[in-house]
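Please examine the model shown below before reading on.

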Amino acid sequence: MSTWQLADQTLNSRLLIGTALYPALTTMQDSIVASGAEVVTVSLRRQNTAGQAFWSELKALKRLILPNTAGCYSAKEAITTAHMAREVFGTHWIKLEVIGDDYTLQPDPFGLVEAATALIKEGFEVFPYCTDDLVLCQRLVDAGCRILMPWGAPIGTGKGLINPYALKTLRARFPDLTLIVDAGLGAPSHAAQAMELGFDGVLLNTAIAKAHHPIQMAQGFNYAVQAGRAGFEAGLMPEQDLAQPSTPILGTPFWLGH
Amino acid sequence: MLTLTLNGETIQAHANTLLDQILAEYLENIDLPFAVAINGVFVPRQQYTKTTLKQGDSIEVLSPNVGG
């Protein structure tokens, strides 16, 4: 697979994964390795002993850290969390989450644009977790976002790409932007579909962590992302309604003639 | 005496206590990087020795954790 550029980093893998919900710390570590992911997402929470073990094990894997602002419901909360993350992790990368609805965990588009605008002015590389709304995405780009992370489906649902048309439209309207499908994927085929649409990467957590065998599933997503990307780069054949034989008609034996 | 909140727990401190002193007292056994916010506002590390706590301040000390 060829390398690609994510913000200021050159990467091999187009799969980014979360570090939450694993049945055990060792499963998380082995899943990260099996996934091939070079970028992992983390959060900031009140200190506890579990956090201590987590952090020392994660550091040992030497992956790029993408801190999130999970749990924030306003631009102000997200901006404060981003400032704290920059100091703790020593990175200007931030996965910006501003949630607008408890039930669907749908991003708040207004809070998102407000926070992104402020953080970009302060030198952050903002990875906004957003809906697939075209105009919201345009506003985020206007604010200076070089990366967009529209949802495939609500977080943790595993429904896959519920609106491929909207995602296709984003790819068409922002051909040069880094687009990553974030959240809602449940199966490797969902990841392959996103990559076939021309997305630059996918980010997921639950589908791997909650699989019966997370390490094997991580490997499955690794393959799926590579397969989907290869399909996109190779160029998919145009879909058509009428069947067309692939074996030549010319030279068909007479006893098969109609 | 001041009544403060540290990560959701009520604590007492003398008047004119600095943030630096509170952190040294309550976080001595935890070996994790951390960042601090008071009343929802980030306090950069360089300000710890210059930040005097006030009655009712709510201090959050956050560290790396799992996340999606």
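At what angle do helix H3 and helix H4 of chain A pack? In this predicted model, helix H3 (residues 75-89) of chain A and helix H4 (residues 109-121) of chain A pack at an angle of about 35°, and their axes are 9 Å apart. The crossing in which H3(A) passes H4(A) is right-handed. On the side of H3(A), the contact is made by A:Ala75, A:Ala78, A:Ile79, A:Ala82 and A:His83; H4(A) contributes A:Gly111, A:Glu114, A:Ala115, A:Ala118 and A:Leu119. Divided by class, this contact of H3(A) with H4(A) has seven nonpolar, two polar and one charged residues.

Of the elements, H3(A) gives the most, with five residues. The lining of the second largest pocket comprises six nonpolar, seven polar and five charged residues.

The largest pocket likewise has a lining to which both chains contribute. About 470 Å³ of space lies in this pocket, and 30 residues line it. Nearest its centre lie A:Ala70, A:Lys95, A:Glu97, A:Ile155 and B:Gly68. Strand S4 (39-46), strand S10 (201-204) and helix H8 (206-209) of chain A, together with strand S5 (58-66) of chain B, are the elements that give two or more residues to the lining. By class, the lining of the largest pocket divides into 14 nonpolar, twelve polar and four charged residues.

The final topic is charge pairing. Side chains of opposite charge can pair when their charged atoms come close. Over all chains, the count comes to nine salt bridges. One of them is formed by the side chains of A:Glu87 and B:Arg45, at 3.8 Å from N to O. Because A:Glu87 lies in helix H3 of chain A and B:Arg45 in the loop between strand S4 (41-43) and S5 of chain B, this pair joins two chains.

How values were computed:
Residues numbered from 1 in each chain as written. Chains lettered and ligands numbered in written order. Predicted model: local features only at pLDDT ≥ 70, side-chain atom pairs only at ≥ 80, totals over all residues. Heavy atoms only, no water. Axes fitted to C-alpha atoms, helices over the stretch in contact; angles between N-to-C directions. Helix = DSSP H or I, 4+ residues; strand = E, 2+ residues; numbered from the N terminus. Left-handed = near helix turned anticlockwise from the far one by under 90°. Contact = heavy atoms within 4.5 Å. Nonpolar A, V, L, I, M, F, W, Y, C, P; charged D, E, K, R; others polar. 1 Å grid on protein atoms, 1.4 Å probe; cavity = no way out; pocket = protein on both sides within 12 Å on 5 of 7 lines; lining within 4 Å. Points joined across faces, edges and corners; volume = space filled by probe spheres on them. Salt bridge = Lys/Arg side-chain N within 4 Å of Asp/Glu carboxyl O.
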